[in-house]
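Here is a short report for a reader new to this structure. Take a look at the model, then read on.

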Amino acid sequence: MNRLWRNARLMTLVGEGLGIVEDGAIACREGRITYAGPAADAQRDADEVIDCEGRWISPGLIDCHTHLVHGGDRAGEFEQRLVGASYEEIARAGGGIVSTMNATRAASEEALIASALPRLDALIAEGVTTVEIKSGYGLSLEHESKQLRAARALGERRDVSVTTTLLGAHALPPEFAGDPDGYVDHVCETMIPAVAAEGLADAVDAFCEGIGFTPQQVGRVFAVARAHGLPVKLHAEQLSNLHGAALAARCGALSADHLEYIDEAGVAAMAEAGTVAVLLPGAFYFTRETRLPPIDALRAARVPIALATDCNPGTSPLTSLLLVMNMAATLFRMTVDECIAGVTREAARALGMAERIGTLEAGKRCDLAIWDIGQPAELVYRIGFNPLHARVWRGQG
């Protein structure tokens, strides 16, 4: 259908800043934007005309880093941390990612879908139109594939675009205890080829950390992923500086995520490679981290900065990109423009999808969020308030 939204104020996100058009209109045909700009230059004929009554329209929001599909929860570990246990201590005692692995392996594919749907619905209710979902809690071919199939199924059961990421190198499963290189062999020789052949993943991720995998092991994973035509991204510099961000940049990674402990060399490498920094203030808040990611250094180097929920059961049980924006502004001192760009334009870059989504311009998918707000700052300023008026996915809604 040929549709036209008129009498709107636009945040196009084209160019620098928010790309604001005060008296704007958007037209679409067959799910793609055909025009976005001043109302005076818009087409007049349309099958359906929607009067936005002065409301603001932004691109549909994009959550570019989630672990949405998993079994169980880790509320008990949350209690342990409240009385002083560290994330590393809990992980080394058999908790953490491995405890979620046990719950995920025990769950059926349908059970994983059912438990993830309320989390996905919470994101959709705030204007999210694209979400990335990682595996990483199966830690075997059978169960990683099960997670990825469940993630794909979510995109079939809801009007939302789902992109999937294989995170096989997330933690060491019990059957490979004491043999991390053997497990990396399994990821490289069995897991990645099988997942790629079945078309279950759009990218490959890894956890480069003292309680995860070394840069050398991650390098092997990345080489195999790229050989199978899969782009890469990396959990890097969350708890320490292993120079994972620089490794990610050298490998042409779409993004390096977390980055509290990144150094100047890592920032420079990301800038040169065009690798996006994905910051995760929910995890920073929930784990009571005290070391801030170097926002000023990232800005100065013009590294694109995206934001995401990192929705996961252990360190960020968060399903609100609106709250993420407020956290990024309050905790990281990011600006309103940076926060909104971080969940639209820059999040699209982090997924390698900037040619399709993330801005309001002709040729891109007609994914829109229509807001009952007086100014864009309200999206970042308010806490626990959802001003979404309407959500449009591929021209419908």
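## A buried glutamate

A residue is called buried when its relative accessible area is under 20%, and exposed when that area is over 50%. Anything in between is partly exposed. Keep in mind that this is a predicted model.

Start with Glu209. Its relative accessible area is 4%, so Glu209 counts as buried. Glu209 sits in the loop between β9 (203-208) and α7 (215-227). Leaving aside residues up to four places away in sequence, Glu209 touches Glu237, Gln238, Leu239, Ser240 and Leu242.

## Helix α7

Which residues of α7 are buried? They are Gln217, Val218, Val221, Phe222 and Ala225. These residues cover an arc of only 135° around the axis, so they lie on the same side of α7. Gln216 and Ala227 are exposed on the other side of the helix. The cover over the buried residues of α7 includes β8, α6 (180-198), β9, β10 and α8 (244-250). After α7 comes Gly229, with a positive phi near 80°.

## The nonpolar cores

In soluble globular proteins, nonpolar side chains tend to be buried together. In this model, the largest nonpolar core has 96 residues. The members that touch the most others are Met11, Leu154, Leu259, Met270, Leu279, Met334 and Trp371. Helix α12 (residues 321-332) supplies the largest share of this core, with 8 residues. There is also a second, separate core of 14 residues, including Leu10, Ile33, Cys366 and Leu368.

Met11 has contacts in several stretches of the sequence. Residues up to four places away are again not counted. Among its contacts are Leu18, Gly19, Trp56, Ile57, Ser58 and Pro59. Met11 also touches Ile340, Leu360, Trp371, Ile373, Pro376 and Leu379.

## Salt bridges

How many salt bridges does the structure hold? The count is 22. Three of them are described here.

Asp121 pairs with Arg158, and the closest N and O atoms are 2.6 Å apart. This pair links distant parts of the chain, 37 residues apart. Asp121 lies in helix α4 (residues 109-124), while Arg158 lies in the loop between α5 (141-157) and β8 (161-169). Asp121 has 30% relative accessibility, so it is partly exposed. Arg158 has a relative accessible area of 27%, so Arg158 is partly exposed too.

Glu132 forms a salt bridge with Lys233, with the closest N and O atoms 3.7 Å apart. Glu132 is in strand β7 (residues 128-134) and Lys233 is in strand β10 (residues 233-236). The two are 101 residues apart, and they link distant parts of the chain. Lys233 is buried because its value is 2%.

Glu346 and Arg349 meet in a salt bridge of 3.1 Å, N to O. Both lie in helix α14 (residues 345-350), 3 residues apart, or about one turn of the helix. Glu346 is buried, because its relative accessible area is 7%. Arg349 has 38% relative accessibility, so Arg349 is partly exposed. Elsewhere, salt bridges that share partners join Glu132, Lys134, Asp205 and Lys233 into one network.

Note on methods: Residues numbered from 1 in each chain as written. Predicted model: local features only at pLDDT ≥ 70, side-chain atom pairs only at ≥ 80, totals over all residues. Heavy atoms only, no water. Helix = DSSP H or I, 4+ residues; strand = E, 2+ residues; numbered from the N terminus. Buried < 20%, exposed > 50% of the residue type's maximum accessible area, 1.4 Å probe, protein only. Contact = heavy atoms within 4.5 Å. Core = buried A, V, L, I, M, F, W, Y, C linked by side-chain atoms within 4.5 Å. Salt bridge = Lys/Arg side-chain N within 4 Å of Asp/Glu carboxyl O. Arc of directions from axis to C-beta.
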